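Q: Please take a close look at one part of this model, the aromatic side chains that cluster, and describe their surroundings with care.

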Amino acid sequence: MTSTGTGSTATEYVDKQVTAARGDDEDVWREVQTLYSRKLWHQLSRKLQQMLSSEMFTSGGMPDVCVIDNAYIVTLENTQKLDLLAYARMCLIIALQTESADESFSFLEQVLSRVSKSSLAQVCIITALAELQLQMNKMEDAKVKLKEAESLMADFSGVTAVHSDFYRVNAEYFKKLPVFHEFYTNSLRFLGCTELSNMSVEEQVARAFDLSLAAILGKGIYNFGELLAHPILESLRSTDKEWLIDLLYAFNSGDLSKFDFLKPQWAQIPDLAANEEIMSEKIRLLAFMEMVFQAPDNNRRLLFSDIATVAQIPIDQTFSIHIGAYIIYLIQGFVVATNTAFNRQHLPVELLVMKALSLGLVRGSMDQVDQVAILTWVQPRVLSLQQISRMADQFNRWSSKVEQVAKHVENQAPELFVQ
């Protein structure tokens with residue numbers, strides 16, 4: 001990518017293009033010529049960005065891209081008068097045409113020094129640099145770049161034009177590590193500031209698939225409602241991955257029967273098959289949460305036997321403690337010791353309840369003498385239509401009880417009611 005040098009060379013270049021172009025292309029170049037001669041830098045940057053994304057350059061004319069860059073962008077003394085974010089995006093298009101990732105990286109590093117007056121443009125270029133480092137498997141360097149971009153974004157108000165690319169690249173970073181819950185969070189943020197219409201169907205299917213796996217395997221993810229409500233999941237319909245939607249709904253409602261029914265499908269996915277114990281523990285916790293949610297507010301004393309039935313765990317399983325091999329759970333005043341090697345699929349009811357308490361999924365206490373768990377609160381979640389319907393039934397029952405109490409009081413002490 002050699003520099004053409006001066007502004008006069010830039011003028012000569014565009015004059016040559018005007019002479020050589022025909023039809024619509026000639027009109028485009030004449031507009032560029034006019035904007036440059038009149039020093040309308042903002043309009044010029046927008047026009048160049050539009051040109052670089054057009055068929056003029058995406059269908060075989062890419063050598064001219066580097067010439068445009070050198071003639072109009074890199075060597076212009078008036079670069080700082082351009083729309084720097086548009087300028088940065090132009091440079092990203094140009095960087096894609098270089099012969100190697102190293103060459104793209106060197107070019108964008110030069111660009112970064114020219115956009116120091118715009119935080120938006122800086123984030124745009126830094127994010128692109130991080131993406132290149134990910135492609136080169138320079139994970140630590142990419143992490144540094146992403147942190148740098150994130151610190152700049154902390155001063156932004158609201159969602160900006162660069163948030164989408166940042167969350168996309170940040171999600172890709174956590175996917176390569178892999179850290180499922182971070183990938184899930186950043187992917188949802190990416191989708192929150194990106195139009196699905198800008199993605200191909202294939203990309204939507206791939207993202208929906210990855211997001212579904214991350215939700216199921218992600219540490220601390222016990223709320224699937226946000227993903228279930230997102231239209232990207234519909235891209236899995238009529239594909240060989242449609243069963244993932246059913247699996248997500250099974251987790252969301254703690255449906256262990258559905259989970260077992262779908263095992264022939266999910267067992268074919270290496271990441272899921274390798275984490276079967278983690279999945280089993282998570283869906284049992286979700287089944288317990290759903291049980292608490294459905295219980296009447298005035299009667300959330302759940303028998304261990306009922307919990308064992310819903311979560312499909314043996315109630316008579318006792319703790320197996322080996323000397324020097326136990327975990328201490330400090331949970332709201334409780335201290336429980338249990339063997340670290342205990343099979344998670346056969347957790348006793350007591351440990352399931354303790355796990356839910358420690359994760360903040362529920363609040364309450366446990367009476368091991370009476371074999372009962374007394375719960376006062378369950379973590380709020382985004383609800384499915386079926387769960388909302390059940391909640392509506394609970395409201396109706398509560399309303400009926402209030403009405404009955406009011407009528408009883410009115411009959412017993414009518415003087416308390418003013419007509």
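A: Phe224, Phe251, Phe259 and Trp266 come together as one aromatic cluster, where rings of Phe, Tyr and Trp (its six-membered ring) pair if their centres lie within 6.5 Å, with planes under 30 degrees apart counted as stacked, over 60 as edge-to-face and the rest as tilted. The model is predicted, so local features need pLDDT of at least 70 and side-chain atom pairs count only at pLDDT 80 or more, while totals for chains, interfaces and linings use all residues. Residues are numbered from 1 along each chain as its sequence is written, and side-chain values use heavy atoms, with hydrogens and water left out.

By this pairing rule there are five aromatic pairs. One of them joins phenylalanine 166 and tyrosine 167 edge-to-face, at 5.6 Å centre to centre and with 65 degrees between the planes. Phenylalanine 166 is buried at 2% relative accessible area (buried means under 20%, exposed over 50%, partly exposed in between, with a 1.4 Å probe and protein chains only), and tyrosine 167 is likewise buried, at 16%.

Because phenylalanine 224 lies in the loop between helix H12 (201–217) and helix H13 (225–228), and phenylalanine 251 in helix H14 (residues 243–253), the pair ties together parts that are 27 residues apart in sequence; helices here are DSSP runs (H or I, at least four residues) numbered from the N terminus. Phenylalanine 224 is buried at 0% relative accessible area, and phenylalanine 251 is buried at 0%.

Key:
Helix = DSSP H or I, 4+ residues; strand = E, 2+ residues; numbered from the N terminus.
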